Amino acid sequence: MADDPRATMGELAATIYGHPGRDLLQIGITGTSGKTTTAYLVEGGLKTVRSTGLIGTVEMRIGDERIKSERTTPEATDLQALFAVMRERGTEAVAMEVSSHALVLGRVDGCVFDIAVFTNLSPEHMEFHSGMEDYFQAKAQLFTPERSRLGVVNADDEYGRRLAKEAGVPVVTFSAEGHPDADWRAEDVEVGPMDSTFTVIGPKGERISARAPLPGTFNVANTLSAIVALAAAGLDPQAAADGVAAVPGVPGRLERVDAGQPYLAVVDYAHKTDAVESVLRALRKVTEGRVHVVLGCGGDRDKTKRVPMGAAAARLADTAVLTSDNPRSEDPSRSSPPCSTAPPPCPPTSGARCRSSRTGPPRSPPPSTGRGPATRCWSPARAMSRDRTSPGWCVPSTTVRCSGKPSRKPRDELVIALSLAEIAEVVGGQTHDIPDPSVQVTGPVVRDSREAGPGSLFAAFVGERVDGHDYAAQVVGAGAVAVLASRPVGVPAIVVDDVQAALGALARHVVARLGTTLVALTGSAGKTSTKDLIAQVLRRKAPTVFTPARSTTRSGCRSPRSPPPRRPGSSCWRWERAESAISATSPV
């Protein structure tokens, strides 16, 4: 028994996996802006001398293998498992984003970073933190002996200067603005349209030629922080600078979209006021014509930043199209960044629509901010897939629902159809508000309302903060056939005593009906590698379906209690079973 299981989870997971992080050079990056870019740049420098891993908002990587990222910093158990896989595959160093949520919620407990980097601090996540002081104290936790050995801190930021004085570990400072009091500083900065060059001055007077591979003065700071972190980790500073300069770009960070159009188009993840301002100012400096921006704010997140973001877009762009960006459970019209009420006054955007970038005037970059590398958008009426590498990818100003998950195959090829009557009988439930029980579930079983789509069945769970039953109407509006619930919800539903047990019974029914061979793997380390090896053998003998990389049977997977979707003719399944999934898979 533990009073606070989360407080012990990180250290326990590290112990179970044999403290894999101790065998890795760990560089953790925290701050409001610049974490992702700096992590990519650090990894680029590390690649010149070591095999590397990357953990962050956009993706996770082990060598060249890319793994979908669910959050900026994984939960402690997932993080230690990932470290164990890295160690198993010979990874020597990892660059990792460390969010304030991760520090407060103990996701990095059990980790001691060799180098901790602080980029900057500005208002963000005020729906989670009580204020800026609470936000700062959360970030400062990384710079204690329990969490790191050496700090690399931005002396241009007021909170960075405070952190340099209050940190519990030795600190090295840097300044992209060239302050002479900093240990490392940038001089002779020349900002270009797609990159910047500058000279790094070291604490012993070293002069290092450097290039920021992304545009904007803020990326000079990100590049400098990466070089200093690598130098602090023992790399030759010039070799580190050369490795950083060779990074081809960062997904969704001033990412250029080039399809032969006569103007510059970029995509940026900017979802904070400071970030929006920095991006637009950087583009203004290198633009001869006009600047057009499409800006959105995510739902169920910090609402205090929406008015300042809208004001920044209206103030710094010639045209600002304000729209919804992944409204989640909010009314989309409320999650759009306000403009008409934002000081200073700005042009009205009533009736504005997002034009395809093909209609933009020459030499006028239409940056899209706030979405980043999303690959799929959902509308209640229809699914829309847009490729962000095409200049016509802009999201319409009408409401869309973004899930960020690429669609590989039509759902009817992946799922065995079952009628609602059959499901109710299998799970021992009662149908409510279902006019036609013969209607079939032709989509996946999902427990995340954002993943509900046409033909799906939504399993409503009651969590620590969110009750899935509250989203019943929303998922049915998105196309879900019914809700598997523990109480009537006013829309088509199958009501059971225990939703978790019902999903187990449904999974057992599906497996029995298919009659395929099911191979399950478990253990502390090696599950993924062993699973992949077995797959290569089985695929030569029979059609085989297997869980994708890092998609173990833990809570939160797309269909946590059902086996992987079976393609027609498949005779074998490989199923990676996490320790936390024993109760989830035992019915199968």
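Residues are numbered from 1 along each chain as its sequence is written. In this predicted model, local features need pLDDT of at least 70 and side-chain atom pairs count only at pLDDT 80 or more, while totals for chains, interfaces and linings use all residues; side-chain values use heavy atoms, leaving out hydrogens and water.

**Confidence**
- The average pLDDT (the predictor's confidence in each residue, from 0 to 100) is 81 for the protein, and 78% of the residues score at least 70.
- Residues 374-414 have a pLDDT below 50, and this stretch has 100 contacts (heavy atoms within 4.5 Å) in the model beyond near neighbours in sequence.
- Where pLDDT is low, the predicted coordinates should not be read in detail.

- Helices (H or I, at least four residues) and strands (E, at least two) are DSSP runs, numbered from the N terminus.
- In strand E7 (residues 151-154), Gly151 and Val153 point one way, Val152 and Asn154 point the other way, and all are buried (under 20% relative accessible area, with a 1.4 Å probe and protein chains only).
- In a regular strand the side chains alternate between the two faces of the sheet.
- Strand E6 (residues 115-118) runs parallel to E7 and is joined to E7 by three bridges; two strands pair if DSSP finds at least two bridges between them.
- Phe118 stands opposite Val153 of E7.
- The β-α-β crossover from E6 through helix H5 (residues 132-140) to E7 is right-handed: with the strands pointing away from the viewer, the path from the first strand over the helix to the second runs clockwise.
- Four bridges pair E7 with strand E8 (residues 171-175) in the parallel sense, and Val172 in E8 is the bridge partner of Val152.
- A right-handed β-α-β unit is also formed by E7, helix H6 (residues 158-166) and E8.

**Helix H8**
- The buried residues of helix H8 (residues 237-245) are Pro237, Ala240, Ala241, Gly243, Val244 and Ala245.
- Among the elements covering these buried residues are helix H2 (35-46) and strand E9 (184-191).

**Asp183**
- Asp183 lies in the loop between E8 and E9.
- Asp183 has a relative accessible area of 30%, and is therefore partly exposed, a class between under 20% (buried) and over 50% (exposed).
- Beyond four places in sequence, Asp183 touches residues including Val171, Ile201 and Pro203.
- A polar atom of the Asp183 side chain lies 2.9 Å from the backbone nitrogen of Thr173.

How values were computed: Polar contact = N/O pair within 3.5 Å; in protein donor to acceptor, adjacent residues only side chain to side chain.
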